[in-house]
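Me: Please take me through the terms used for this structure. I want each label set against its cut-off.

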Amino acid sequence: MMPKTAPADEAGTWARSLAFRALLNDGRRVRVRPVVPADRANLAAGLARMSPRSRYFRFHSQVSRLSEARLRYLSEVDFREHVAWAALAIDEPGSPGVGVARFVRDREHPESAEFAVTLLDEWQGFGLGSLLLRTLMGSAAQRGIGQLVAPVLAEHEAALHLIERLGGRRARVEDGVVDMILPVRRALRASRPVRPTLLLHGRTA
Ligand SMILES: CC(C)(COP(=O)(O)OP(=O)(O)OC[C@H]1O[C@@H](n2cnc3c(N)ncnc32)[C@H](O)[C@@H]1OP(=O)(O)O)[C@@H](O)C(=O)NCCC(=O)NCCS
């Protein structure tokens, strides 16, 4: 795990050591690595590139910008209680961030964590959400987290399907929001390969 007070260059080196590349089902390639503090600008730029619909699905309201405090929270991840992985488009100039998946451990129920996955619109539907969620499940298992939960809008077929496809189930439904529960170890054990995604060269920077 990343040292608690890792300076920026140390965090970068650590993130690079865990990075891997993957091929999506349309042939585009991504690099997946832990989120580091330097991603603050990536996160702000990513939000600006998302459609209102995707923002609504992610935040359940029309968020148009993130405050500095919120960007800091989302990028300064301790990789213990708060874990986040980013996907970067390696074939685009500057390798912009195109997706992120994170979980935050529930303080009162430490075997549980709330998660979210967010992709730019033009990167949706090609297996990247599945890849990031599977990566997140691996991190959860390593940290003794038994279940990942996500509140998902009932009309959000893509997210409901994605989570069910990986072994999750629908729990409570209230005010148009479905609490999705993903039992981590069972889902990892079932380990159904996610069809569209091929790992390239295993783990490599
Ligand atoms: C929800 C989201 C993460 C899904 O990621 P994705 O990369 O588009 O999903 P995948 O390509 O990995 O597809 C996973 C499964 O969902 C299915 N799926 C994708 N889009 C779908 C849609 N609109 N309706 C129904 N099923 C859909 C795929 O066919 C696939 O199922 P299969 O393996 O049985 O064929 C992505 O669309 C997204 O970022 N949306 C905006 C942000 C958001 O809503 N976040 C909240 C999620 S907690």
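The turns below put labels beside their definitions.

Reply: This is a predicted model, in which local features need pLDDT of at least 70 and side-chain atom pairs count only at pLDDT 80 or more, while totals for chains, interfaces and linings use all residues. Residues are numbered from 1 along each chain as its sequence is written.

Me: Why is Ala140 called buried?

Reply: A residue is buried if 20 or more other C-beta atoms lie within 10 Å of its own, exposed if 12 or fewer, and partly exposed in between, with C-beta atoms placed from the backbone. Ala140 has 25 other C-beta atoms within 10 Å, so it is buried.

Me: Which residues does Ala140 touch, not counting those up to four places away in sequence?

Reply: They are Phe103, Ala113, Ile145, Leu148 and Val184. Contact is taken from C-beta atoms, placed from the backbone, that lie within 7 Å. For Ala140 and Ala113, 27 residues apart along the chain, the C-alpha atoms are 8.3 Å apart.

Me: What makes the span of α5 close to the expected one?

Reply: Helices (H or I, at least four residues) and strands (E, at least two) are DSSP runs, numbered from the N terminus. The expected span of a helix is 1.5 Å times one less than its number of residues. With 15 residues, α5 is expected to span 21 Å, and from its first C-alpha to its last it reaches 22 Å.

Me: How many residues of α5 are buried?

Reply: The count is 11 of its 15 residues, and α5 is mostly covered. Among them are Leu128, Leu132, Leu136 and Ala140.

Me: What makes β4 largely enclosed?

Reply: Strand β4 (residues 97-105) has 8 of its 9 residues buried, so the rest of the structure largely encloses it.

Me: How do you know which strands pair with β4?

Reply: Two strands pair if DSSP finds at least two bridges between them. Strand β3 (residues 82-89) is joined to β4 by 7 bridges and runs antiparallel to it; Ala84 has Arg102 as its bridge partner in β4. β5 also pairs with β4 over 7 bridges in the antiparallel sense, and Val104 stands opposite Glu114. A hairpin of 6 residues joins β4 to β5.

Me: What is the make-up by class of the shell around the ligand?

Reply: The shell has 11 nonpolar, 9 polar and 4 charged residues. Ala, Val, Leu, Ile, Met, Phe, Trp, Tyr, Cys and Pro count as nonpolar, Asp, Glu, Lys and Arg as charged, and the others, Gly among them, as polar. α6 gives the most, with 6 residues.

Terms used: Two residues are in contact if their C-beta atoms, placed from the backbone, lie within 7 Å.
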